[in-house]
Amino acid sequence: MLSTSTTSETPPGFRFHPNAYDLGAFESAAGTCEACGKGRTLRYTGSFYSVDEVDYICPWCVADGTAARVFDGEFSDYTGIDGVSPDPRVPADVDLDEAMEVSTRTPSYSSWQQEQWRSHCGRPCAFIGDIGASGLTDYLDEPDFAADVDGGLGWEASLLRTRLSEGGDLAGYLFRCLTCGAHRLHVDAS
Ligand SMILES: [Zn+2]
Ligand SMILES: [Zn+2]
């Protein structure tokens with residue numbers, strides 16, 4: 001079978017960002033992908049760190065690493081993934097192939113500061129979506145999530161429990177471990 005890339009193809013999924021389409025990582029926009037040169041209808045909207053200004057990246061070129069390779073770029077900061085050490089002499093505490101997949105083959109999520117990516121069980125987690133104060137209670141029976149809320153991230157628990165909001169000035173981001181299903185929290189402020 002010849003494989004042809006047409007705009008009627010089902011776009012690829014992302015195991016580390018399973019809700020990427022629902023969360024607006026791509027928008028409907030006709031154009032030509034600058035990585036593969038094909039006419040596409042879905043344009044990546046998130047961050048992409050490269051020397052070149054790149055305007056149009058299609059989901060296929062995010063998923064198969066073409067965009068990262070062609071433009072020598074990354075979607076999320078590799079050293080912002082829990083367990084990746086910025087110092088190469090310090091051993092990593094996370095699967096580095098999977099960390100590379102998060103950085104170069106996974107859409108980033110929208111945040112105030114440079115993305116941070118939570119890890120668990122020695123693997124990067126999947127980013128699930130935004131979370132506010134009222135959503136925290138769903139996961140507080142999980143010890144690692146409770147530790148994130150109770151000062152583990154450097155934020156006061158009382159502040160997070162009252163002021164955390166989805167996409168607000170004090171924004172919460174929910175992650176889930178692909179191995180054990182445990183949840184993790186990331187918080188940043190505008
Ligand atoms: Zn493309
Ligand atoms: Zn886990």
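**What the labels rest on**

Biologist: Why is Asp72 called exposed?

Modeller: Asp72 has 11 other C-beta atoms within 10 Å; a residue counts as exposed at 12 or fewer, as buried at 20 or more and as partly exposed in between, with C-beta atoms placed from the backbone, so Asp72 is called exposed. This is a predicted model, in which local features need a pLDDT of at least 70 and side-chain atom pairs count only at pLDDT 80 or more, whereas totals for chains, interfaces and linings use all residues. Residues are numbered from 1 along each chain as its sequence is written, while chains are lettered from A and ligands numbered from 1 in the order in which they are written.

Biologist: Why does Cys121 count as partly exposed?

Modeller: Cys121 has 13 C-beta neighbours inside 10 Å, a number that falls between the two cut-offs, so the label is partly exposed. Leu140 is likewise partly exposed, with 14 other C-beta atoms within 10 Å, and lies in the loop between α4 (133-136) and α5 (143-152).

Biologist: What does Leu140 touch?

Modeller: Leaving out residues up to four places away in sequence, Leu140 touches Phe145, Ala146 and Val149, where a contact requires the C-beta atoms, placed from the backbone, to lie within 7 Å.

Biologist: How much of the chain counts as buried, and which residues of α3 do?

Modeller: Of the 190 residues, 34% count as buried. In helix α3 (residues 96-105), the buried residues are Ala99, Val102, Ser103 and Arg105, and what covers them includes α1 (59-63), α2 (66-71) and β4 (123-124). Strand β6 (residues 170-176) is mostly covered, since five of its seven residues are buried.

Biologist: What makes β6 a paired strand, and with which strands does β6 pair?

Modeller: Two strands pair if DSSP finds at least two bridges between them. Strand β6 has five bridges with β5 (residues 126-131), in the antiparallel sense, and seven with β7 (residues 183-189), also antiparallel, so both pairs meet the rule. Gly129 stands opposite Leu174 in β6, and the bridge partner of Leu170 in β7 is Ala189. The hairpin of β6 and β7 has six residues between the strands, and Gly181 there takes a positive phi near 85°.

Biologist: How are β1 and β2 joined?

Modeller: Strands β1 (residues 26-32) and β2 (residues 39-44) run antiparallel and are joined by five bridges, with Tyr44 in β2 as the bridge partner of Phe26. They form a hairpin with six residues between them, and Gly37 in the turn has a positive phi of about 75°.

Biologist: What is the overall make-up of the chain, and why is the chain called as compact as a globular protein of that length?

Modeller: The secondary structure comes to six helices and seven strands. The radius of gyration, taken over C-alpha atoms, is set against a globule rule of 2.2 Å times the number of residues to the power 0.38; the chain has 17 Å, close to the 16 Å that the rule gives for 190 residues, so the chain is as compact as a globular protein of that length.

Biologist: Where do the domains lie, and how far apart are their centres?

Modeller: Domain 1 covers 13-111 and domain 2 covers 118-190, with bounds that come from an automatic or database domain assignment. Their centres, taken over C-alpha atoms, are separated by 22 Å, and the contact takes 17 residues from domain 1 and 13 residues from domain 2.

Biologist: How confident is the prediction?

Modeller: The average pLDDT, the predictor's confidence in each residue from 0 to 100, is 93 for the chain, and 96% of the residues score at least 70. Over residues 1-5, however, the pLDDT is below 50, and this stretch has two contacts in the model beyond near neighbours in sequence. Where pLDDT is low, the predicted coordinates should not be read in detail.

Note on methods. Helix = DSSP H or I, 4+ residues; strand = E, 2+ residues; numbered from the N terminus.
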